[in-house]
Amino acid sequence: MGIDRRQRASLALTLNFIAVVFSVSALSTSYWCEGTRKVAKPFCKGPVKLRQSYCIMFNSSNINDSRLVQYIWETGDDKFLMRRFHTGIWLSCEENVNGIGENCRSFLNIAPPHEKGVLWLCIVAECLYILLLVTGGILMSIEICHFTNVIDGLKLNTFAAIFTVLSGLLGMVAHMMYTTAFQLTVSLGPEDWRPQTWDYGWSYCLAWGSFTSCMASSVTTINRYTKTLLEFKHKRRKIEKSLKVKQKLLDFDSPEQVWDMYISSMPSTAEELMDSSSNGRRLSNTSVVLDLNDLPDPQEEAYC
């Protein structure tokens, strides 16, 4: 039972550690949502002969001269570029027009004013989620490494399960709040940020994977606690049964009970006594004493 309990504790601690790593990675990265934006091409600078695909070409190199009529090569959708972007809780980064480097800005400044409170609540919930996960993991580690007493281990196990379940609930609420805030920002955000296409990224998958691992750790911890209690109850029933049996044996072995058994085993009539003596059984003089006056009359006549 001790080996199985220790294996379950190790499994719960491993799942808790995975949940902490996933949650920290998701919180510190900005790939919760990824997509593309439609960006207008800038004016090309430099020699006219050098044709560049990410800017608008003119028939003159002097783009600042307003007296010249500028003819562009690109028309329609050719005047636009599809630039990739990725967004997290903290930052929203977009690829530069020339394809080199990224331009990042705070996602709190991009979100609509009425959604900034939701984003702050999401950040607080994510931090509390990680804090409770770490607390539950510390309690599990103390239980495994330092406590051999089962009762103390059960107490630590209870608190670890409570912290882990609470952290899982906070994590779920935080992820759902961010999802709602991002979707509203896509609809009501600034024009220079609204994406053309978007989808959830690997940081978002890590966040929900952390929640899954956290709930698996809490279920394992609660299951270990329940199994230990059931084992204690089963052992208690066995001990109570054995104590009842011993008590019955002790009551049965008392002198009064032995004397009653001894008296009940004596022959009740003289015929039984003569039969037992004729079969070769020897009776002790101290154990059997017969009074012929107490025998019934027919038996007395037969005896005479």
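My notes go from the whole chain to the cores, the cysteines and one threonine.

**Overall layout.** I am working with a predicted model. I counted eight helices and five strands in the chain. Reading from the N terminus, I wrote the order down as α-β-β-β-β-α-α-α-β-α-α-α-α. The chain has 304 residues, and 32% of them count as buried. I also looked up the accessible surface, which comes to about 19500 Å², with 62% of it belonging to carbon and sulfur atoms. For contacts between residues at least 6 apart in sequence, I noted that 68% join residues at least 24 apart.

**Nonpolar cores.** Next I asked which residues of the largest nonpolar core touch the most other members. They are W32, I89, F107, L119, Y178, F182 and W193, in a core of 31 residues. I found that α1 (2-28), α2 (107-110), α3 (116-146), α4 (150-188) and α5 each supply at least two residues of this core. The largest share, seven residues, comes from α3. Another core, of five residues, lies apart from it and has L139, M140, L156 and A160 among its members. I then took a look at Y178: its contacts beyond four places in sequence include W32, I89, F107 and L119, along with the cysteines C33 and C122.

**Cysteines.** How many disulfides are there? I get one, and it joins C93 to C104 with an S to S distance of 2.0 Å. C93 sits in strand β3 (residues 91-95) and C104 in strand β4 (residues 102-106), so the bond ties together parts eleven residues apart in sequence. The torsion about the S-S bond is about 110°, so I logged the disulfide as right-handed. C127 is partly exposed, with a relative accessible area of 40%, whereas C33 is buried at 0%.

**T221.** My last stop was T221, in helix α5 (residues 202-252). Is T221 buried or exposed? Its relative accessibility is 0%, so I put T221 down as buried. I wondered what its side chain reaches, and found the backbone oxygen of S217 at 2.8 Å. Leaving out residues up to four places away in sequence, T221 touches A12, M140, N157 and A161. I had already met M140 as a member of the five-residue core.

Methods: Residues are numbered from 1 along each chain as its sequence is written. This is a predicted model: local features need pLDDT of at least 70, side-chain atom pairs count only at pLDDT 80 or more; totals for chains, interfaces and linings use all residues. Side-chain values use heavy atoms; hydrogens and water are left out. Helices (H or I, at least four residues) and strands (E, at least two) are DSSP runs, numbered from the N terminus. Buried means under 20% relative accessible area, exposed over 50%, partly exposed in between (1.4 Å probe, protein chains only). A polar contact is a pair of N or O atoms within 3.5 Å; within protein, one must be able to donate a hydrogen and the other to accept it, and residues adjacent in sequence count only if both atoms are side-chain atoms. Contact means heavy atoms within 4.5 Å. Accessible areas come from the Shrake-Rupley method with a 1.4 Å probe; for residues, only the protein chains shown count as cover. A nonpolar core is a set of buried Ala, Val, Leu, Ile, Met, Phe, Trp, Tyr and Cys residues joined through side-chain atoms within 4.5 Å. A disulfide is a pair of cysteine sulfur atoms within 2.5 Å.
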